[in-house]
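The sequence and structure are shown first.

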Amino acid sequence: MSAPGENLRINPDRLWESLMDMARIGPGVAGGNNRQTLTDEDAEGRRLFQSWCEAAGLEMGLDEMGTMFARREGEEPDLDPVYIGSHLDTQPTGGKFDGVLGVLGGLEVVRTLNDLGIRTRRPIVLSNWTNEEGTRFAPAMLASGVFAGVHTRDFAYDRRDAQGRRFGDELERIGWKGAEPVGERRIHAFFELHIEQGPILEDEGVEIGVVTHGQGLKWLEVTFTGRESHTGSTPMYKRRNAGLGMARLTELVHEVAMDYQPDAVGAIGHVEVYPNSRNIIPGRVVCTVDIRSPDKAVLEEMETRVRLGAETIAEALAIECAIASVGQFDPVTFDPGCVDTVRRAALRLGYSHRDIVSGAGHDACWISRVAPTAMIMCPCVDGLSHNEAEDITPQWAAAGTDVLFHAVVETAEIVG
């Protein structure tokens with residue numbers, strides 16, 4: 001397997017210009033992006049991406065989930081291709097780089113190969129996976145999940161947004177529903193470049209994260225039911241305060257996560273308080289516990305402790321507790337061969353690097369079920385993501401894409 005020379009680099013100015021051009025589509029209110037999946041803005045971003053792919057000589061494929069596959073032919077077309085990519089959809093108040101760097105970094109890999117006249121034995125396919133974010137249509141990583149057999153196509157089509165619109169109907173409405181059956185493509189290896197979405201790389205002054213694992217996740221929806229009563233006239237000993245149950249559970253989840261450091265995390269994110277009036281003690285609170293770990297046994301221990309703790313809290317406060325599992329996926333161990341390829345690329349190019357665990361879910365997590373997969377991460381400012389203030393430097397973008405270029409080209413194998 002031949003590797004590109006250490007002097008071969010992508011065009012950083014062209015990459016950055018592409019990122020900024022895409023960011024003009026679906027601008028947010030505070031400098032970021034709102035290009036949620038299957039919106040008109042998503043359709044416009046797809047059209048721009050398609051035009052760039054066609055200009056680079058790529059042949060576009062489209063499957064029934066709307067995932068875009070742009071192919072650069074190999075010298076041996078019958079060989080399984082090397083896939084690269086990520087997603088172009090954003091959060092409602094998303095940044096310019098989450099997902100987008102992986103797609104446009106992949107495009108820059110192809111453009112650089114064209115510039116240098118490099119041919120590869122294996123085809124290279126650039127992918128834009130539909131609905132990675134899962135904000136408008138839950139769950140996240142929906143199209144890659146269908147591709148990997150985690151979900152059925154019909155399940156995906158029946159997902160509805162807050163206005164009751166069906167995923168399948170909206171996919172058809174924006175004109176990006178393909179005819180290709182989902183999941184029939186053969187993949188030799190898949191590489192995804194992504195911003196870290198956390199502070200570790202920047203804090204340590206490291207340019208490249210070599211992602212070895214993806215954290216497993218469990219979402220538990222906890223409902224505490226007490227009794228609504230007046231905040232001023234109800235004695236403290238007579239209260240059945242569902243809000244207090246949620247507060248104690250918040251502390252418990254934090255304590256549980258701290259007991260499994262360095263990699264475990266946990267918090268309560270989504271909270272609904274009823275009746276949510278300033279002078280009524282909450283009679284019901286619905287909240288979602290998010291716990292994560294790269295170790296499946298640890299994740300299961302954390303879940304057990306949270307469940308038992310929530311019930312103990314409820315008993316002490318004379319309130320009721322109901323717990324439902326509303327989402328989960330097992331921890332991911334990325335392919336050691338692909339991970340080594342990424343590590344070699346960083347070494348060859350002279351970039352500082354370290355092994356890292358991905359704290360967020362990515363399309364690569366599902367694709368790893370059906371093909372050898374690895375991820376590359378670059379820092380982001382203050383570790384901030386899912387926020388319009390999300391930012392990276394052109395240098396970080398270039399370094400990550402250089403490593404992607406070398407890993408992909410080594411795997412696809414240079415001809416001549």
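Which residues in the largest nonpolar core touch the most other members?

## Basis of the model

This is a predicted model, in which local features need pLDDT of at least 70 and side-chain atom pairs count only at pLDDT 80 or more, while totals for chains, interfaces and linings use all residues. Residues are numbered from 1 along each chain as its sequence is written, and side-chain values use heavy atoms, with hydrogens and water left out.

## Nonpolar cores

Leu19, Phe49, Met65, Leu104, Phe191, Ile392 and Val403 touch the most other members of the largest nonpolar core, which has 91 residues. Such a core is a set of buried Ala, Val, Leu, Ile, Met, Phe, Trp, Tyr and Cys residues joined through side-chain atoms within 4.5 Å; buried means under 20% relative accessible area with a 1.4 Å probe, protein chains only. Helix 12 (residues 394-412) gives the most to this core, with 11 residues. Helices are DSSP runs of H or I with at least four residues, and strands are runs of E with at least two, numbered from the N terminus.

A second, separate core has 26 residues, including Leu249, Val253, Tyr260 and Met302.

## Surroundings of Phe49

Leaving aside residues up to four places away in sequence, Phe49 touches Met22, Met68, Leu88, Val103, Leu104, Leu126 and Asn128. Contact here means heavy atoms within 4.5 Å.

## Overall fold

The protein chain contains 12 helices and 15 strands, and buried residues make up 55% of its 416 residues. Along its principal axes, the C-alpha trace spans about 80 × 45 × 35 Å. Among contacts with a separation of 6 or more, 80% join residues 24 or more positions apart.

Key: Buried means under 20% relative accessible area, exposed over 50%, partly exposed in between (1.4 Å probe, protein chains only).
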